[in-house]
Amino acid sequence: MEALANYSDSDDDQSPAVTKSGLVTTSGIRKMQAAPAPSILSQRKKVSAVSNSQALALIGSSVTSHGLVNREKYRTKTAQEMQTVGPAPPKNDTMFNQTAWNKGLVGAAGVMEKVAFDDAAFNANYDSYNATGTADAVDSTERISVNLPSGSVGGNRQQLQRPDRMNKKHEFAQDSSAPAKKRKKRKHNYADDANLDLGGDDGQFGIWGKPTKQELDLMEDSITDAAKGELNEHQLQTREEIEEKAKLKAGAKEDADETAFDKMVERKMAHLLPPRLEAGATAKTATTKFHGKEMYDYQGRSWMAPPSGVHASDDHQCYIPKKCVHTFNNAHSKGVHAIRFFPKTGHLLLSAGLDGIVKIWNVATRKLMRVYDGHTAAVRDICFNNDGTKFLTCSYDRWIRLWDTETGEVLQTFTSRRVPYCVKFYPNDNNFFVVGQSDNKVLTFDCTTGEITQEYNHHLAAVNSVTFVEEGKKMVTTSDDKKVLIWEWDIGVPIKYIAEPDMHSMPAVTAHPKSDFMVCQSLDNEIKVYGSTDRFQFQRKKNFKGHQVAGFACEMAFSPSGKFLVSGDGNGKLFFWDWNTTKSYARFNAHTRGPTMSCEWSPVDPSLVATCGWDGCIKFWSNTK
């Protein structure tokens, strides 16, 4: 009897354990818990819930030293014997439990059968009975498809259910192959909550109660005029003022963020640069002054027209100049940073000064022709377009300006709020130009609209030079990050990186006029030569030395024939080399009190070279007067 105690954890009660039909009740199982248990070392218990036509079989076991049951010691009755209803067997029958019969804890057969179970089978059926209400009926004569736990010695058993748990939830247990049905989660109907009548004070005053009139009035007062769409004129004006203040605050924050970014990218020279442009800032009002005799001659030709007999030619033989033939003393009140000859004819010379002024000079008469005043800081670079009718200037005041050469009118003003270091017209379409900036970027601007059309952003430091090669199809840029990048026009991804551990920054680059090479002014006091097509290979055999340029972006120039190379240096000297042999042919003391920053070879005069320096002078060098 005590074996049933292992199948229930319920409390005891006064209900009968077994009904008249032989079914086990819940109270019966509870009573069985109170029965004294046999020795743990000699007994194992198991209960099977059977149908109405079966008697309840109470089973025990005799365990051997190996943990298995001795099947020969006890006899297991068949299901037919258990179903036979008759008088109780005599008291001398060892299989009859008189105590269980007297207490009404066994079925009609009054027999407690002893059957063999190992630990695995017993524990498995014990857990199954407590979880689902099913256990294995003892019937070794029936063959069933239920898979028993490994190690079981109880034979094949049929799986049955407890009668008090027979419901739809466990119907599928009859067939283990039947698919399990998913229980659908009931969706809560929140609409029923509104109609829920709790009754009493909770229903009237509780949190689920209907709102009072006072609460309804408060709710109505909480709706704003904006939500109602009933704003008056004063309210609309106030809202506009608030929105305007918010925009100004957001703009101020954006400006502060950009200023912090400027300080980060320009930290190397932040103390030298002018303050960042404020939002809405405008460039200086440009002025110009003509210093020639007349704008047009008696034939109606402009002062910009080249002299008669001067024609563009690059086939003439060039010679190294022997002496300085003219000096423009105090050409600018401060140093002169860059000079450019007029395209093709070279009869005019454009100069950019550190005083923020650009001037144009007549080469033949050695006179000043026009002054262009449109910047508040030093002018860093200048560039003519293809026909010389327009030119670009970029300055440390962060503005770029497009000028009309003849009239001095400012045609367009550009800015990206960064310091432009170099500027170049696109040779195949002068409606576009590129700018190398202090924020490590190269930008393409449209002259007609003033918009940025392309951005090249792969350098890690300020961009110092931009050079077009292969007839404008490709572009070479150099930077303080000691890299040389090659780009295809209007494609923002470089096609080649040139970067070696022993490389130095190369702030000036010039393409050879006749062959596919370019020279780069390296800050290790050498001029490096690279190919300007295909693989852009470094030419180790061509190396120009002898000058001192460390710390200065001294520009170089080729003779129109490409036979000679000229460059200034940081000590104010001027050097000439033979291109083929890399031999230094001449050296002059060109400028004092600073470096020789720029030099240009005349496109028509075979020996005329112009130089400028930070001493504020411009000099002409030639073999003839």
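1. Cys-612 counts as buried, at 0% relative accessibility; buried means under 20% relative accessible area, exposed over 50%, and partly exposed in between (1.4 Å probe, protein chains only). Cys-612 is in no disulfide, and the nearest cysteine sulfur, that of Cys-599, is 8.4 Å away. A disulfide is defined here as a pair of cysteine sulfur atoms within 2.5 Å. Cys-617 is likewise in no disulfide, with the nearest cysteine sulfur, that of Cys-324, 9.5 Å away. Cys-617 is also buried, at 10% relative accessibility. The structure holds zero disulfides.

2. The model is predicted: local features need pLDDT of at least 70, side-chain atom pairs count only at pLDDT 80 or more, and totals for chains, interfaces and linings use all residues. Residues are numbered from 1 along each chain as its sequence is written, and side-chain values use heavy atoms, with hydrogens and water left out.

3. The protein chain has nine helices and 33 strands. These elements are DSSP runs numbered from the N terminus (helices: H or I, at least four residues; strands: E, at least two). Of the 625 residues of the chain, 45% count as buried. Among contacts with a separation of 6 or more, 50% come from residues 24 or more positions apart, where contact means heavy atoms within 4.5 Å.

4. Side chains of opposite charge can pair when their charged atoms come close. The whole structure contains 12 salt bridges, a salt bridge being a side-chain nitrogen of Lys or Arg within 4 Å of a carboxyl oxygen of Asp or Glu. One of them joins the side chains of Glu-555 and Arg-340, at 3.2 Å from N to O. This pair links distant parts of the chain, 215 residues apart: Glu-555 is in the loop between β26 (538–545) and β27 (556–558), and Arg-340 is in strand β7 (residues 336–341). Arg-340 is buried, with a relative accessible area of 14%.

5. A salt bridge also joins Lys-424 to Asp-381, with the closest N and O atoms 4.0 Å apart. Lys-424 lies in strand β15 (residues 420–425) and Asp-381 in strand β11 (residues 379–384), so the pair ties together parts that are 43 residues apart in sequence. The two partners may be set side by side: Lys-424 is partly exposed at 26% relative accessibility, whereas Asp-381 is buried at 4%. Which residues form a network of salt bridges? Arg-340, Asp-381, Lys-424, Glu-555 and Glu-600 are linked in this way.

6. Lys-545 and Glu-526 meet through their side chains in a further salt bridge, at 3.6 Å from N to O. Lys-545 is in strand β26 and Glu-526 in strand β25 (residues 526–531), and the pair links distant parts of the chain, 19 residues apart. Lys-545 is partly exposed, with a relative accessible area of 49%, while Glu-526 is buried, at 15%.

7. Helix α4 (residues 119–132) has 14 residues and reaches 20 Å from its first C-alpha to its last, close to the 20 Å expected at 1.5 Å a residue. The expected span is 1.5 Å times one less than the number of residues. In α4, Ala-121, Phe-122, Asn-125 and Tyr-129 are buried. Seen down the axis of α4, its buried residues fall within an arc of 95 degrees, so they line one face of the helix; the arc is that of the directions from the helix axis to the C-beta atoms. An α-helix has 3.6 residues a turn, so residues three or four places apart point the same way.

8. Lys-334 is placed in the loop between β6 (323–328) and β7. Lys-334 and Asp-615 are 281 residues apart in sequence, yet 7.2 Å apart in space, C-alpha to C-alpha. Leaving aside residues up to four places away in sequence, Lys-334 touches Leu-354, Asp-355 and Gly-616.

9. Arg-366 is not a glycine but has a positive phi of about 60 degrees. Arg-366 is in the loop between β9 (357–362) and β10 (367–373), and is partly exposed, with a relative accessible area of 24%. Glu-471, also not a glycine, has a positive phi of about 60 degrees. Glu-471 lies in the loop between β19 (463–469) and β20 (474–479) and counts as exposed, at 68% relative accessibility.
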